[in-house]
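Visitor: I'm new to this one. Could you show me how to read it, feature by feature?

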Amino acid sequence: MLTMPRSYEKRKVERKQRRCEAIIQKECHVQAQEESSKYLAILNAGLATGLTEELVLLTAEQYGKVAKLLMLPNKSYCFLECMSQEDAELIFGNMNGRANVGQNETVIYMSYFQQLPALGVDTWSKSLPKGLVLIKDFISEEDELAILESIHMESVTGDSLKHRKVKHFGYEFLYGVNNVDVKQPLDRKIPKECKKLWVKLAAINEREYYNFEWLVPDQLTVNAYEPGQGIPPHVDTHSAFLDPILSLSLKSDVVMDFRNGAQKVSVILPRRSLLIMSGESRFNWTHGITPRLMDVVTTTKGNLTVKKRKQRISLTFRKLRKGACNCDFPLFCDSKHGAIKERKEIIQQEKAAQLEEFNVHSVYEQIAEHFSETRHTPWPKVTEFVHSFPQGSVLLDVGCGNGKYLDCNSNILNVGCDRSPGLLQVCKSLHYNILRCDCLQLPIRCRSIDGCISIAVIHHLSTAERRLKSLQELVRVLRPSGKALIYVWAKNQSNDNKKSSYLRQNKALNKEKTTAEQQRQETLKQLEEKAKQSPVVLPIHTNRTEFLEQDVLVPWKLKSKETQKNTDTFLRYYHVFEKEELENLVKHIEGVTILSSYYDQGNHCVIIEKIANQETTGKTIKTVL
């Protein structure tokens, strides 16, 4: 059996060290050096690998004195500042390539650095969100044991929820809708062992002037979290429950993350503590537990370390609300969202043309050049449809934009039309056959076109009548047996558990550096005033996230051609389509058959054919409203 020479192994280790040093330099902006200093880095072990403060100090201080240990969240390296250069040399000489304190007891490697890096964002020492109260040792060990026996989680067989055991008292909490069915109370009531909690809660409420809306709950959800399990960031439904929400932690500690826009606060929930979420913290901050085996926690010395999770039993107490929520926090308030939705639908019928002029046509005119720069690659299935027409056919692209489909098939006559002069100017510079018109009234004679495409157009029309009218115009100009392809943006941006390219481009969310709720909060803060300029009250969609509503304003961030930096943000109106909504709209047109319908990268699509020797008329649209 051949063995590698020691010089090869040494070079291999050195290459690994250089790679680690390069990563640290890029992420922390500190420089490694050959000569010794009092600053050391462990290159291949840190909080991300499960290294603890206790183990580092226990090992290093056998050889020299450590003045400061710096362990960074989510990093597989850490730093030591030694009392002197001599201490650093002794630690380096005895630990580098020798100490088995890495992951799975692997050997660690060390390097000298010029200085310690600046501290990143500290989410542990921040003050608690307004309205959030944490009471340590809220119950005794005897009370904990009595409550655990009363809820009897051992009786829950298997995982009653996807990732954890759950038991409900009073009413069942329905996770799919984050609510309860008030007409279906449970026979299993909140255990009497919890009664002494409400006496304590009432005393605290009176002493601290909290003014809670309730002091005795009627609903309890018990979750058994095993190590590695968690719960996604969320806000308990406003209209379902009164203020506050209580969470009692039994058997072990855990770290819960609270987020509001770009703000993040990590809170350690000790065993037997009570967390009270009221006011702003209950209504306007998301809370969640990241699924992992270890938590990053603070130590008595002010450092960060890791702590292995154990089984935790969480008791969440709530009081049912009767009626709408009247809080001052509209972002997550379903009561206020419902009021806006009702108002939106009424106004939409009256101001459709104004809305489209202000939030579609005017916007495209201002972003035309930038928009064209981002629309240069034809979609494969559209190209395939264009190539299906024989030589000499006439194809009309309604809403052609910058004309990216007008040169896909040179064997046919391609004609494009659009409402935007700016985008038509791009087509003109490319010598395409174009005309300016509105998709609701095409200046083309009946039965004169072999094929039509309408790609990402009719979702800019704000009523069902207007969307139907645009489809009728496509069919009107088609020859008998002529075909049309229509693409509209889908409300559901995932299909068969696969995210569309639109969602995959949200790198921050996909890498779990933020949450969709957090991004939505930030969008609302930035654009709420601008949205008020729209002729119709509509919700603002947050780019690269799932749609929450069908009729939305979608931001377009205009970039400077010179600096490539955002210079302004415009809001475009969209009606995103539910599944089968497009097919149902087509069915209201006589003389048309649907050849195929499919989902393509976040779009609902249909191919239709005009039936030979039949006039095309439109049925009433009232049934689809």
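Visitor: Let's start with Glu-373: is it buried, exposed or partly exposed?

Guide: This is a predicted model, so take each value as computed from it. Glu-373 has 38%, so it is partly exposed. You'll find Glu-373 in helix H8, residues 352-373.

Visitor: How far apart are the C-alpha atoms of Glu-373 and Ser-76?

Guide: They are separated by 40 Å, and the two residues are 297 apart along the chain.

Visitor: Now the sheets. What is the strand order in the open sheet of five strands?

Guide: Read it across as S1-S5-S2-S4-S3, with antiparallel pairing. Strand S1 (32-33) and strand S3 (66-71) are at the edges; each has a single partner strand, so one side of each has no neighbour in the sheet.

Visitor: Which strands does helix H3 touch?

Guide: Helix H3 (residues 85-95) packs on the sheet and touches S2, S3, S4 and S5, with its direction at about 160 degrees to that of S5. Helix H2 (residues 53-60) lies across S2, S3 and strand S4 (78-82), and runs at about 150 degrees to S3.

Visitor: And how many strands form the open sheet with mixed pairing?

Guide: Seven, in the order S22-S21-S20-S23-S24-S30-S29. Its edge strands, S22 (433-436) and S29 (592-600), each pair on one side only. From one strand to the next, the twist averages 15 degrees. Within this sheet, S20 (residues 394-398) and S21 (residues 413-418) pair in the parallel sense over five bridges, and Leu-395 stands opposite Asn-414 in S21. Helix H10 (residues 421-429) lies across S21 and S22, at about 165 degrees to S22.

Visitor: Next, cysteines. How many disulfides does a search of the whole structure find?

Guide: The general idea: a disulfide is a covalent bond between the sulfur atoms of two cysteines. Here the search finds zero. Take Cys-82: the nearest cysteine sulfur, in Cys-78, is 11 Å away. Cys-82 counts as buried, at 1% relative accessibility.

Visitor: How many aromatic pairs does the structure hold?

Guide: There are 16. One of them is Trp-198 with Phe-317, edge-to-face, at 4.9 Å centre to centre and 85 degrees between the planes. This pair links distant parts of the chain: Trp-198 is in helix H5 (residues 195-208) and Phe-317 in strand S19 (residues 312-318), 119 residues apart. Trp-198 is buried at 10% relative accessible area, and Phe-317 is buried at 0%.

Visitor: Last one: which ring does the charged end of Arg-318 sit over?

Guide: The ring of Phe-173, 4.2 Å from its centre. Likewise, the charged end of Arg-188 sits over the ring of Phe-169, at 5.3 Å from the ring centre.

Note on methods:
Residues numbered from 1 in each chain as written. Predicted model: local features only at pLDDT ≥ 70, side-chain atom pairs only at ≥ 80, totals over all residues. Heavy atoms only, no water. Pairing = 2+ DSSP bridges. Helix = DSSP H or I, 4+ residues; strand = E, 2+ residues; numbered from the N terminus. Axes fitted to C-alpha atoms, helices over the stretch in contact; angles between N-to-C directions. Contact = heavy atoms within 4.5 Å. Disulfide = S-S within 2.5 Å. Buried < 20%, exposed > 50% of the residue type's maximum accessible area, 1.4 Å probe, protein only. Phe/Tyr/Trp six-rings, centres within 6.5 Å; stacked < 30°, edge-to-face > 60°. Lys NZ or Arg CZ within 6 Å of the ring centre and 35° of its normal.
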